[in-house]
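Here is a short briefing to read with the model open beside you. It takes a helix, the nonpolar cores and a helix pair in turn.

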Amino acid sequence: MTQNLSHRTRVGLLRAELKKRKLTGFFVPRADEFQGEYVPAYAERLCWLTNFRGSAGVAIVTLKKAAIFVDGRYVIQVRQQVDEKIFQPFHLIEEPPAQWIAKNLKKGDRLGFDPWLVTVEQAKRLREACAGVGALFVAVDTNPIDAVWKDQPARPTSALETQPTQFAGLTAAQKIKDIRKAMGGNDAVVFTQADSVAWLLNLRGFDVPHTPVVPAYAILPASGKLTLFIDPAKVTPDVAAHLKKIATVQPMAGIGAALKALGKAKARVLIDPAWSPERIRELLARAKADIATGPDPVTLPKARKNRIEQEGARNAQRRDGVAVSRFLRWLEQAAPKGGLTELDVAAKLRSFRDETGELKDLSFATIAAAGPHAAIPHYHVTEESNRPLGRGEIFLIDSGGQYIDGTTDITRTVIVGEPTPEMKDRFTRVLKGMIGLSMIRFPKGTCGSQIDVLARQHLWQAGLDFDHGTGHGVGAYLSVHEGPARINKTDRTTLEPGMILSNEPGYYRQDEYGIRIENLIMVQEAQAIAGGDRPMLGFETLTLAPIDRRLIAAALLSEAERNWLNAYHARVLKEVGDHLGGEELDWLKKACAAV
């Protein structure tokens with residue numbers, strides 16, 4: 001058993017295994033074979049090795065050194081969870097692994113990697129970094145961590161379910177027909193993202209926590225049936241009947257032979273290098289297939305929610321808003337009395353969502369962060385870190401639900417007791433940014449990086465900023481973090497009608513408090529303006545729950561911002577209030593009073 005071994009011992013075991021394999025080091029991403037944000041327990045290799053529990057990161061372990069790389073969301077968390085005497089932390093973007101390789105490897109070194117867990121693009125970049133110092137980036141046939149992780153969990157075997165057309169909006173047959181039109185003359189497409197397979201085939205799976213994707217690969221030829229590669233035990237009779245006319249099912253192990261057959265047929269095969277495992281490319285190359293590279297053709301149609309998915313999102317957000325509003329009332333009354341911990345509060349919010357009778361799962365592990373923990377953007381509460389809510393402290397709760405008609409994600413920041421003037425100033429600057437993004441009209445062809453400044457400008461004016469993106473895409477009863485569109489400083493994906501994104505600026509004062517306000521918004525055609533000569537887009541706000549007025553410095557709001565906030569709260573009162581009564585409705589009326 002290895003579960004009780006120290007992380008120093010685990011690193012020692014890995015190094016001993018590397019010596020056996022004549023490797024100088026090993027590259028350890030937090031990833032499974034499908035490159036999802038959330039992974040099953042067996043794929044938590046990075047956590048097992050390092051104790052880092054974030055959703056993104058990589059480590060490099062050599063025979064003498066070890067480094068771990070995380071993005072801006074986790075720069076505080078990594079130092080709290082990882083032993084810095086073993087692993088030296090680096091910023092994933094500012095000091096990337098390729099840079100570390102150039103400084104720490106030498107000629108003749110062999111850095112191993114698992115080609116099922118590393119994408120084509122990653123492999124190319126890291127291979128070039130190794131070559132730059134005369135080292136090799138070596139694909140391994142079996143993962144050395146699996147060899148030393150003696151109590152590694154088994155692979156899950158949850159049964160699949162179909163996603164009814166009444167919620168999907170299109171049949172799987174119609175989606176396949178549409179995707180074939182976007183194949184660009186290629187003979188076949190290999191799909192390796194679990195959410196792409198789930199969306200295309202109107203299936204949902206339950207192997208991955210909080211994310212009902214289908215952990216499978218699929219090959220779609222230009223004509224004929226799609227082939228789905230998955231454990232056949234997961235395919236129920238209902239799912240088999242659903243797939244009968246559109247797909248054949250093979251075990252995951254059959255993907256190699258299928259790729260070899262494509263090569264034998266001299267097929268031109270499309271893969272997405274940003275997401276496809278390097279092993280898929282290797283197998284196609286060995287088979288002498290004509291490899292085409294380009295974006296996964298499902299990504300954009302999946303992001304552009306159809307009319308039925310849009311209405312499902314509205315229904316899910318309204319239902320979730322009722323649960324969150326009930327929770328906020330309870331929290332406002334219970335927190336000042338003392339005795340509540342972060343875990344208590346997370347469990348209570350879960351209970352309100354459960355009471356809807358529609359909750360399938362949370363959409364991610366709730367971030368329930370009291371006081372200084374709120375300064376960690378993606379804080380994860382554990383029994384060890386569980387902190388009581390204190391008077392005069394900020395409490396941040398970022399949570400979401402999975403419903404059959406939609407996926408939700410909402411953050412609310414509240415005060416327990418009385419806020420300081422600084423807290424109100426920072427909260428209001430964050431709120432102004434969130435409102436500015438909510439109100440914007442923009443021409444077609446605009447991308448997220450062109451409007452990201454709207455969420456940051458009022459913080460910048462005070463010499464402040466936040467180190468995460470402003471917004472991410474959200475799926476339709478799929479991944480809570482969905483591509484390709486984002487709102488951040490660099491994204492170049494065009495925003496299109498039907499895309500659902502988060503709007504979540506924040507501010508974090510290390511070791512003191514953190515603030516984030518998050519609504520989900522959907523891109524829509526904007527109403528024409530008299531005299532306007534270009535078609536415009538805008539955002540429809542989907543999330544419905546009050547924003548803590550006690551933290552607002554009203555004097556900092558412009559008239560337009562105040563009008564937006566009051567209109568938003570009036571809408572919350574109408575749409576959520578229709579489902580409340582008695583003391584809960586009385587509280588909501590006060591929470592939504594005009595500023």
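Helices here are DSSP runs of H or I with at least four residues, numbered from the N terminus. With that in hand, note that just after α9, Asn-202 takes a positive phi of about 55 degrees. Please keep in mind that this is a predicted model.

**Helix α9**
- Helix α9 spans residues 194–201 and is mostly covered, with eight of its eight residues buried.
- The buried residues of α9 include Asp-195 and Ser-196 as well as Val-197, Trp-199 and Leu-200.

**Nonpolar cores**
- The largest nonpolar core has 63 residues, and the members that touch the most others are Phe-327, Leu-331, Val-345, Phe-395 and Leu-431.
- Helix α14 (residues 307–334) supplies the largest share of this core, eight residues.
- Another core, of 53 residues, lies apart from the largest one; Ile-179, Val-208, Ile-255 and Leu-478 are among its members.

**Helices α16 and α19**
- Helix α16 (residues 421–439) packs against helix α19 (residues 559–577) at an angle of about 80 degrees, and their axes are 10 Å apart.
- That angle makes α16 roughly perpendicular to α19.
- On the α16 side, the contact is made by Leu-431, Lys-432, Met-434, Ile-435, Ser-438 and Met-439.
- On the α19 side, Ala-560, Glu-561, Trp-564 and Leu-565 take part.
- By type, the residues of this contact are seven nonpolar, one polar and two charged.

Note on methods. Residues numbered from 1 in each chain as written. Predicted model: local features only at pLDDT ≥ 70, side-chain atom pairs only at ≥ 80, totals over all residues. Heavy atoms only, no water. Buried < 20%, exposed > 50% of the residue type's maximum accessible area, 1.4 Å probe, protein only. Helix = DSSP H or I, 4+ residues; strand = E, 2+ residues; numbered from the N terminus. Core = buried A, V, L, I, M, F, W, Y, C linked by side-chain atoms within 4.5 Å. Axes fitted to C-alpha atoms, helices over the stretch in contact; angles between N-to-C directions. Parallel < 35°, antiparallel > 145°, perpendicular 65-115°, else oblique. Contact = heavy atoms within 4.5 Å. Nonpolar A, V, L, I, M, F, W, Y, C, P; charged D, E, K, R; others polar.
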